[in-house]
Amino acid sequence: MNPHWTESGQNLTGPSGILELMDDLGNAIGRDDLCMLGGGNPAAIPELQAIWRERMRELLDHDTAGFDRMLNNYDTPIGRPAFIEALAGHLRRRYDWDIGPGNIAVTNGTQNGLFHLFNAIAEPGRPVLLPLCPEYIGYADLGLRGPSFVARRPAIELRGDHDFKYGIDFDALGLKGKPNEFAAVCLSRPTNPSGNVVTNAELARLSEQAAAAETPIVVDNAYGAPFPGIVFSDIEPTWDHNTILSLSLSKFGLPGTRTGILIADESVIQGMRAANAIANLATGNIGQELVTPLLESDRITELCRDVVRPFYESRAKQADLWLREAMDPNLPWRLHACEGSMFFWLWCDGLPISSAELYQRLKARGVLVVPGHYFFFGLGASGADWPHQHQCLRIHAAMPPDITQRGLGIIAEEVAKAYAG
Ligand code: PLP
């Protein structure tokens with residue numbers, strides 16, 4: 001057959017960075033010969049795995065009605081009422097937000113929720129503004145009607161010989177005094193790929209400018225607070241009626257359940273409810289059923305604080321030491337401040353080959369990373385003369401230690417070879 005794809009169909013079915021990334025990830029599973037430092041799988045944290053097993057056993061052996069409810073029913077197109085109530089109660093107790101069940105929509109993963117949201121509000125002529133590029137590769141191809149993101153280059157703060165940090169360049173933002181020009185402002189916090197955490201002050205300033213421009217702000221907390229809490233400093237999430245927060249159970253150890261959550265003004269939630277009914281009928285039940293008791297008891301807070309964050313922080317610190325030991329100190333590489341998420345963001349300044357070529361050389365040696373250029377989209381003309389976007393690699397910092405150490409050693413060798421020409 002030779003399907004006739006419509007224009008939207010071509011956008012949906014054509015090649016994309018996220019497709020390559022997810023293919024690499026899926027194909028690497030079970031391959032012991034590969035150092036998989038590329039994908040976005042959460043680490044296997046034994047304490048969390050024990051909780052999921054225990055809850056499943058409880059459902060099977062003691063709460064058979066709950067087990068049947070989980071498998072036998074379509075729930076509402078916006079999620080399970082018990083989960084939504086439990087989440088609203090948890091957020092009220094923890095942050096004192098003025099939030100009720102009407103402010104919460106469950107989606108089949110954040111990716112799916114943002115696909116509906118961005119296609120409902122954005123299009124190429126009225127795009128979503130990404131204030132700090134590089135940004136999450138998974139947004140790049142969400143627009144069914146074509147590229148629907150405009151991104152800004154960041155301010156770059158150089159720190160010492162081998163470190164750096166991005167910041168929002170408010171002078172370049174172009175949001176002030178432009179009501180409704182953008183469909184939304186969006187950022188991931190912590191940022192995938194760089195591990196940057198936009199500061200409280202930056203976020204407050206951005207939210208203020210977005211509200212003044214009558215533009216909603218989407219804060220994607222896939223790695224952040226309230227869960228999974230993979231943030232290595234004390235930041236608080238904020239919410240108001242101009243903010244759309246997205247949360248996910250994926251990095252809390254449940255990517256297989258495909259559970260995402262949007263927290264927003266009721267008008268947005270009602271739109272997402274309608275979209276979910278059309279596209280999915282209902283949401284997946286399993287993640288919601290597993291996590292509801294942790295929200296009702298507020299145990300989720302201590303799990304994130306005492307188990308998830310320390311796990312990722314200690315893996316990141318160890319990997320940081322290994323990488324710095326392995327890399328040649330005389331070369332001009334820099335590591336982005338790892339303030340959260342699961343990733344290292346390595347910038348090889350002045351590298352004679354592109355990060356895409358470096359990725360291929362690493363792949364040939366059995367090390368999978370993600371070449372950085374995928375995360376630089378929406379820049380238009382401002383990206384044309386910016387070599388930085390071809391000089392970075394995203395490296396998973398929380399895989400099993402032996403894999404990480406071996407992979408980082410090979411990365412250091414290949415970077416040195418590439419600089420040597
Ligand atoms: N947002 C960011 C920043 C991510 O890194 C990811 C996944 O890696 C997602 C959203 C999608 O998450 P989900 O598994 O909930 O669809």
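A residue is called buried when its relative accessible area is under 20%, exposed when over 50%, and partly exposed in between, with a 1.4 Å probe and protein chains only. The legends below describe a predicted model, in which local features need pLDDT of at least 70, side-chain atom pairs count only at pLDDT 80 or more, and totals for chains, interfaces and linings use all residues. Residues are numbered from 1 along each chain as its sequence is written, and side-chain values use heavy atoms, with hydrogens and water left out.

**Figure 1. Phe149 and Phe377 form an edge-to-face aromatic pair.** Rings of Phe, Tyr and Trp (its six-membered ring) pair if their centres lie within 6.5 Å; planes under 30 degrees apart are stacked, over 60 edge-to-face, and the rest tilted. By this rule the model has 15 aromatic pairs. The centres of Phe149 and Phe377 are 6.1 Å apart, with 90 degrees between the planes. Phe149 belongs to strand β4 (residues 149-151), whereas Phe377 lies in the loop between β14 (370-371) and β15 (392-396), so the pair links distant parts of the chain, 228 residues apart. Strands (E, at least two residues) are DSSP runs numbered from the N terminus. Phe149 counts as buried because its relative accessibility is 7%, and Phe377 counts as buried because its value is 13%.

**Figure 2. Tyr95 and Trp97 form a stacked pair.** Their ring centres are 4.7 Å apart and their planes meet at 25 degrees, so the pair is stacked. Both Tyr95 and Trp97 are buried.

**Figure 3. Arginine residues lie over the faces of two rings, Phe170 and Phe343.** A charge sits over a ring if NZ of Lys or CZ of Arg is within 6 Å of the ring centre and within 35 degrees of the ring normal. Arg205 is 4.1 Å from the ring centre of Phe170, and Arg394 is 3.8 Å from that of Phe343.

**Figure 4. The second largest cavity holds about 30 Å³ of space.** A cavity is a set of points on a 1 Å grid over the protein atoms alone where a 1.4 Å probe fits but cannot get out; lining residues have an atom within 4 Å of a point. Grid points are joined across faces, edges and corners, and a volume is the space filled by probe spheres set on the points. The lining includes Tyr312, Cys338, Met342 and Phe343.

Technical notes. 1 Å grid on protein atoms, 1.4 Å probe; cavity = no way out; pocket = protein on both sides within 12 Å on 5 of 7 lines; lining within 4 Å. Helix = DSSP H or I, 4+ residues; strand = E, 2+ residues; numbered from the N terminus.
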